[in-house]
Amino acid sequence: MSEIQSSNVTFSIKKDKVPFGQKAAFGAGHLVNNLFPGALGVFSFFLLTAFGMDPIYAGILGGLPRIYDAIIDPIIGHLSDNSTSKWGRRRPFIFFGAILSGLFFIVLWHLDPKDSQAYNFWYFLIFSLVFLTGNALFATPLIGLGYEMTSDYKERTRLMAFSQTIGQVAWMIVPWFWVIIADPTLFKNQAEGVNKLSVIVGVVCMLLGVLPALFCKEMDQTNLENRVHKKGSIFSELTSLFKSIGLISKNKSFMKLCAATFLVFNGFQMVASFSYFIIVFYMFKGDYGLAGSWPAWFSTITAVITAFLIIPIVTMISNKYGKKNAFIITTFLSIIGYALKWWGFCPGNPWLMFIPVPLIAFGLGGLFTLMMSMTADVCDLDELENGMPRKEGTFGAIYWWMVKLGQGIALLLAGWVLEVIGFDAGKTTQSVETMTSLRLFDIFVPVVTASIAIWVMRNYSLSEDKAREIKAELVARRGEL
């Protein structure tokens, strides 16, 4: 009997281990998942400068697609949860979504500044919606795929850590898009820079985006029963979706993860642009020439440290002390880092601004590595409590819908803060009071939101022991080995 148990344990360990090739393919998908929004954020600035878009129209083009994106993500997640095909639930969505999103990203940015503003507005709006549809077909099932690639508590963290490390490469590259597009030695104007760079980004994202569909393995579908096999009406599909959302909203562990992510990520997002303004207007007195590439280097070095130093440390802490404790430890370290920015951002010595970076990087470096791993654990808990179908796609969609909603609110609040403190980017010199207020907000906001997130997670109860108990019960219930 003991020999049988031993062989079963060995089989389980091998089964739950994700091979390096699959981790690399999944990581490539996350690189695309970061490169698209990063490039979109940079390129959108050039709607104003390269294509002469009115700021009000540009604001509408930034807001309306976000609303559409928030609506379509849960729908795509629900469809992939209940999909049946010989290629799996997620992989067909990922494959065609990668191709569609890459192609339409290129089409989206082939605007012509010679066309009328009205034409460019409607062109960009329509193709934004088409691009976001393709991107949702790719990104939402990709997140769901990650939750089901392994059922092992620690291997989930290693998988997410690997994918987040690869994903950080996008943030090493994206800051330099500003420099490349505006370089007159490369392109005759900014519009041409946007047009040509969009082709490179789109093609790279297509090639990398199909890799998870080709090489990653999904959960064995043999025992995944009670999916919505019948093609019902739109009303019945929406009813099923809302039922799933209702069940998910009652999952207290998942709601804690959402709340903590909302606080940490959007506290960071709210002040993300402040560092750029502080570097230019406080450290270099409003001289863009002297500031040069320092802001880009600040972003790139942060991404490099996050990828190759912080994420491995977070994984080690998680494996030793558990995911909840790892979150609390890493978030607290980020709070110290934010506080050190007061001394790090020093006029006359720009190198000092890199001192707080490793501690600050623990915030987002730990956040998504741990939260995505914990969400995979929560999917098991949901199956235990509510049965089939499993809802990885819907869980992922709701989680990222919350992130996107918070990001929109954070950007809105950031603009309000700049208005209140009297900051004017059009002026070379800002008042001492304005810069002091900006520096205080840059520290105070993420410190407060991260502190509240620690408080939210203090009673998170889905430990490693409990996760293993749930896994064992699910295996028995499904009749698996």
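These are my notebook entries on a predicted model.

**Ground rules**

I number residues from 1 along each chain as its sequence is written, and my side-chain values use heavy atoms, with hydrogens and water left out. Since I'm working on a predicted model, local features need pLDDT of at least 70 and side-chain atom pairs count only at pLDDT 80 or more, while totals for chains, interfaces and linings use all residues.

**Aromatic pairs**

I searched the whole structure and got 27 aromatic pairs.

I looked at F43 and F177, a tilted pair with 6.1 Å from centre to centre and 50 degrees between the planes. F43 is in helix α2 (residues 20–49) and F177 in helix α7 (residues 175–181), so this pair ties together parts that are 134 residues apart in sequence. My helices (H or I, at least four residues) and strands (E, at least two) are DSSP runs, numbered from the N terminus. Buried or exposed? I checked, and both F43 and F177 are buried. The cut-offs: buried is under 20% relative accessible area, exposed is over 50%, and partly exposed is in between (1.4 Å probe, protein chains only).

Next came F277 and F281, with ring centres 6.4 Å apart and planes at 50 degrees, so I put this pair down as tilted. Both sit in helix α11 (residues 252–283), four residues apart, about one turn of the helix. F277 and F281 are both buried.

I also followed a cluster linked by ring pairs: F36, F43, F105, W109, F124, F131 and F177.

**Nonpolar cores**

In soluble globular proteins, nonpolar side chains tend to be buried together. I use "nonpolar core" for a set of buried Ala, Val, Leu, Ile, Met, Phe, Trp, Tyr and Cys residues joined through side-chain atoms within 4.5 Å.

Which residues have the most contacts inside the largest core? They are F43, F177, F327, M371 and L438, in a core of 114 residues. Helix α11 gives the most to this core, with 16 residues. I then listed what L438 is in contact with (heavy atoms within 4.5 Å), leaving aside neighbours within four places in sequence: F274, F277, I278, L418, I421 and F423. There's a second, separate core of seven residues too, and I335, I443, V447 and A450 are among them.

K285 is in the loop between α11 and α12 (288–291). Its relative accessibility is 56%, so I count K285 as exposed. Most residues other than glycine have a negative phi. K285 isn't a glycine, yet its phi is positive, about 55 degrees. The charged end of K285 sits over the ring of Y282, 5.9 Å from its centre. "Over a ring" means NZ of Lys or CZ of Arg is within 6 Å of the ring centre and within 35 degrees of the ring normal. I found K323 doing this with Y153, its charged end 3.9 Å from the ring centre.

F284 lies in that α11–α12 loop as well, but at 14% relative accessibility F284 counts as buried. Not counting residues up to four places away in sequence, F284 touches I279, L290, A291, W294 and P350.

**A bent helix**

Where does helix α13 (residues 294–321) bend? I found the bend at T306, about 45 degrees, taken as the angle between axes fitted to the seven residues ending there and the seven starting there. After α13 comes G322, with a positive phi near 95 degrees.

T369 is in helix α15 (residues 357–386), and at 0% relative accessibility I count T369 as buried. Its side chain reaches the backbone oxygen of G365 at 3.0 Å. Contacts of T369 beyond four places in sequence include T157, M160 and I311.

K391 lies in the loop between α15 and α16. Why do I call K391 buried? Its relative accessibility is 5%, so K391 counts as buried. A polar contact of 2.8 Å joins the side chains of K391 and D382. For that term I need a pair of N or O atoms within 3.5 Å; within protein, one must be able to donate a hydrogen and the other to accept it, and residues adjacent in sequence count only if both atoms are side-chain atoms.

Conventions: Rings of Phe, Tyr and Trp (its six-membered ring) pair if their centres lie within 6.5 Å; planes under 30 degrees apart count as stacked, over 60 as edge-to-face and the rest as tilted.
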